Amino acid sequence: MKLTRRVLMAAAASVTMIASLAFGGPANAKPLKIAAIVQSLNTEYNVLWADAAKAHPALADGTATLTILDGRQDVLTQSNLFDTAITEKYDAIIFIPVDIDAGNDPIQRAKQAGIPVFGSNTVVSQVELYDSYINSNDVEAGELLAKAVIDKAGKDAKLVLLEGMLGQSAQVQRLQGIQNVLKANPGVMLLAQNTANWSRAEAITLMENFLTSHGDAIQGVLAENDEMAVGAVEGIRSHGLDPKKIPVAGVDGIKDALDAVKRGDQAMSILQDAKGQAQGAIDLALNKLVGQGYKPRAAVWDANGGTLAWNGGKEQHYYVPWLAVTSENVDKVLSGK
């Protein structure tokens, strides 16, 4: 069979159309390059965030690529990673900062290089630097966990507080929420507080030190994240006490904390939606890069059956709701229903 020039051109056009449909854009268009600079891949929440981000549908269909860059819980490392992303000409950066103030300057450098920056999870103090950001209200989280412990321990309880890494927005804002509740409950006494740097291992040691200093006087434990809550439970148990008798509450909803809630060793875990924050941030970045007509893909948005109003991606700030997990709903949360 003799192939005419017209037939060959038609065949080429068909291939082009198929490629365009498969990748959501022009056949030869390069995928948009997104870098996510996270706090540390040694923390379970950041791993959950990264895994959720990598599952965004836009990565599977070739619309974008995502590179996760580990900040190693270090301000200088994160700053250097911004320089790497700028040099390698990424189209957008998603940022989970280690420090609420130190993260401002790297964002400014990226913006000067023409790279938009989107926030997720923790934030910087100059939030106006973000093109937009998505997280959960950490002041509210602090209030929820303090109320949960006081409800169990009593209005005149003596408590201890395990804080996250000092200077991170989650630590600053969750502490503010805790202090709001303590001011409203003047009978409650805070016996001691110190940082365990979001670390389970450090929390075990710190809790044991608290118990050595204050003994049976401790009637409840406020932990600014679940890694430290789980560590506090272990510290209580290793001290020969029953964690079921000393209410502990934490934040994030990691698996070990949910299991502890199920056993009755932890009074509450306040679940933070890692998937909603991660995939929501990617949608915000793609909305900026693709432009008018972009349709968000994350399940968190109302357009996809979620609880958060997309509103055309026009808002600068989006709050993903918390979920308080107690013995009453932990089985449902663990089963994923």
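Me: Where does UniProt place the feature "domain: Periplasmic binding protein"?
Reply: The unreviewed UniProt entry places that domain at residues 35–292. Please note that the model is predicted.

Me: What are the helix and strand percentages over residues 35–292?
Reply: Over that range the chain is 48% helix and 19% strand.

Me: What is the mean pLDDT of the protein?
Reply: The mean is 92, and 91% of the residues reach 70 or more. Over residues 1–28, however, the pLDDT is below 50. That stretch has nine contacts in the model beyond near neighbours in sequence.

Me: On to packing. At roughly what angle do H6 and H7 cross?
Reply: Helix H6 (residues 138–153) and helix H7 (residues 169–184) cross at roughly 45°, and their axes come within 7 Å. H6 is therefore oblique to H7. The crossing of H6 past H7 is right-handed.

Me: Which residues make that contact of H6 and H7?
Reply: From H6 the contact includes Asp 138, Val 139, Ala 141, Leu 145 and Ile 150, and from H7 it includes Ala 170, Arg 174, Ile 178, Val 181 and Leu 182. By class, the residues of the contact of H6 with H7 comprise nine nonpolar, five polar and four charged.

Me: And H8 with H9, at what angle do they pack?
Reply: Helix H8 (residues 200–214) packs against helix H9 (residues 226–238) at an angle of about 45°, with the axes 7 Å apart. This makes H8 oblique to H9. H8 passes H9 in a right-handed crossing.

Me: Which residues of H8 meet H9?
Reply: In H8 they are Arg 200, Ala 203, Ile 204, Met 207, Glu 208 and Leu 211. Among the residues they meet in H9 are Glu 227, Met 228, Val 230, Ala 232 and Ile 236. The contact of H8 with H9 has eight nonpolar, three polar and four charged residues.

Me: One last pair. Are H4 and H5 roughly parallel or oblique?
Reply: The axes of helix H4 (residues 75–87) and helix H5 (residues 104–112) cross at roughly 10° and come within 9 Å. Angles under 35 degrees count as roughly parallel, so H4 is roughly parallel to H5.

Me: What makes the contact of H4 and H5?
Reply: H4 contributes Ser 79, Phe 82, Asp 83 and Ile 86, while H5 contributes Pro 106, Ile 107, Arg 109 and Ala 110. These residues divide into five nonpolar, one polar and two charged.

Key:
Residues are numbered from 1 along each chain as its sequence is written. This is a predicted model: local features need pLDDT of at least 70, side-chain atom pairs count only at pLDDT 80 or more; totals for chains, interfaces and linings use all residues. Side-chain values use heavy atoms; hydrogens and water are left out. Axes are lines fitted to C-alpha atoms, for helices over the stretch in contact, and angles run from 0 to 180 degrees between N-to-C directions. Helices (H or I, at least four residues) and strands (E, at least two) are DSSP runs, numbered from the N terminus. Angles under 35 degrees count as roughly parallel, over 145 as roughly antiparallel, 65 to 115 as roughly perpendicular and the rest as oblique. A crossing is left-handed if the near helix is turned anticlockwise from the far one by less than a right angle, and right-handed if clockwise. Contact means heavy atoms within 4.5 Å. Ala, Val, Leu, Ile, Met, Phe, Trp, Tyr, Cys and Pro count as nonpolar, Asp, Glu, Lys and Arg as charged, and the others, Gly among them, as polar. pLDDT is the predictor's confidence in each residue, from 0 to 100. UniProt positions are given in the numbering used here, feature names are shortened, and annotations may be inferred rather than shown by experiment.
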